Amino acid sequence: MKKIPLLSLFAILSLSCTSQKNSVAHTDPTKYMNTITADELKTHLYIVASDEMEGRETGSAGQKKAGIYLIDQYKKDGISYPAKASDFYQKIPAAFLNAKRNENLPDSENIWAYIEGSEKPDEVLVISAHYDHVGVKNGKVYNGADDDGSGTVALLEIAQAFQLAKKEGHGPKRSILFLHVTGEEHGLHGSRYYSENPLFPLPNTIADINIDMIGRRDDAHPDTNNYVYVIGADRLSTDLDKICAEANAKYTKLNLDYKYNDPKDPNHFYERSDHYNFAKFGIPSVFLFNGVHADYHKHTDTPDKIEYDALAKRAQFAFVTAWELANRENRPVVDKK
């Protein structure tokens, strides 16, 4: 083996490290974005929102069965739980779930999966969705395909895309926590529990992308599903709002609808999904949403009514936004109260 002078060796090593650090920043995520497909989302959703899952009521056997399916998919893709955790579950006691108003909920669990960052592992991006729904009523299963089966399966596909990038040497610089929360339908309980009992310090949490209902269209968009409501991105951080808009303009070209981002909007959607429990602690957060429709919170919210092309494109939008957040040089600045 030919000897290399010591100074030259240092120079080569330095150049190699610099090249590795810059590789992700200059990697086009389109290849990985395109692994998020309508067919795979449909396969997952027909299982997660099947009658077998009994409407995924908080703490129910059906919800636990759905949770096992999610965990099996993460294992299949080679994605584990955080090293700080003992397994895929963040256990939540019934006492916490029933503290605000006693609905006799049993113990339940958040589910987490994790990809560690290559350069800034202590900085964590959270991508969240709730995997609970409202169960069985009067003998009818409330499948919750859109609410929030759509967000639940989107997380699986987004995580798979990031894991493939990692295998090919383009893993995220920051860590990503994929967080499936429970108890949303009863008052955002799972995300509240995580925000009050975080696995990673909240000051190290750079942002939350929350996905809740992205598989349908509402009455305001009868002629197209090429849109998504963006709620909250600019409430705390100009950076986060800009990142969302630029990622979409470059890669997915959805119509970003800000109607429900108005603080005066009477629906108050900003306060009604799991991102809010991050935002209230000053963490920049964005909520992706398709709006309500005729099957919202009815037993007719079934997988056959999902528009899988729209679900795929909105999940891709969440992915490229996450890609930018995980790999950009600086975390989004909180510049608003």
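# Reading the labels in a predicted model

Student: Why is Glu103 said to count as partly exposed?

Tutor: The relative accessibility of Glu103 is 32%, and since buried means under 20% and exposed means over 50%, Glu103 falls in between and is therefore partly exposed. Please keep in mind that this is a predicted model.

Student: What makes the contact between Arg101 and Glu103 a salt bridge?

Tutor: The closest N and O atoms of Arg101 and Glu103 are 3.5 Å apart, and the rule asks for a side-chain nitrogen of Lys or Arg within 4 Å of a carboxyl oxygen of Asp or Glu, so the pair qualifies. Arg101, with a relative accessible area of 45%, is partly exposed. By this rule the count comes to eleven salt bridges.

Student: Which parts does the salt bridge between Glu168 and Lys31 tie together?

Tutor: In this pair the closest N and O atoms are 2.7 Å apart. Glu168 sits in the loop between α6 (145-167) and β6 (174-181), whereas Lys31 belongs to helix α2 (residues 30-33), so the bridge ties together parts that are 137 residues apart in sequence. Glu168 is partly exposed at 35% relative accessibility, and Lys31 is partly exposed at 48%.

Student: What makes β6 mostly covered, and which strands does β6 pair with?

Tutor: Eight of the eight residues of β6 are buried. Strand β2 (residues 108-115) pairs with β6 in the antiparallel sense over five bridges, and in β6 the bridge partner of Tyr114 is Leu177. β3 and β6 run parallel and are joined by eight bridges, and Ile127 stands opposite Phe178 in β6. At least two bridges are required for two strands to pair, so both pairings meet the rule.

Student: How do you know that the span of helix α9 agrees with what it should be?

Tutor: At 1.5 Å a residue, the 15 residues of α9 (residues 238-252) should span 21 Å, and the end C-alpha atoms are 21 Å apart, so the two values agree.

Student: How do you know that the buried residues of α9 are on the same side?

Tutor: The buried residues of α9 are Leu240, Ile243, Cys244, Ala247, Asn248 and Thr252. They cover an arc of only 125 degrees around the axis, which puts them on the same side of α9. On the other side of α9, Ala249 and Lys250 are exposed. Among the elements that cover the buried residues of α9 are α2, α8 (233-236), β10 (285-289) and α11 (308-327).

Student: What is found at the start of α9, and what follows α9?

Tutor: At the start, a side-chain oxygen of Ser237 reaches to within 3.3 Å of the backbone nitrogen of Asp239. α9 is followed by Lys253, whose phi is positive, near 55 degrees.

How values were computed: Residues numbered from 1 in each chain as written. Predicted model: local features only at pLDDT ≥ 70, side-chain atom pairs only at ≥ 80, totals over all residues. Heavy atoms only, no water. Helix = DSSP H or I, 4+ residues; strand = E, 2+ residues; numbered from the N terminus. Buried < 20%, exposed > 50% of the residue type's maximum accessible area, 1.4 Å probe, protein only. Expected span 1.5 Å × (residues − 1). Arc of directions from axis to C-beta. Contact = heavy atoms within 4.5 Å. Polar contact = N/O pair within 3.5 Å; in protein donor to acceptor, adjacent residues only side chain to side chain.
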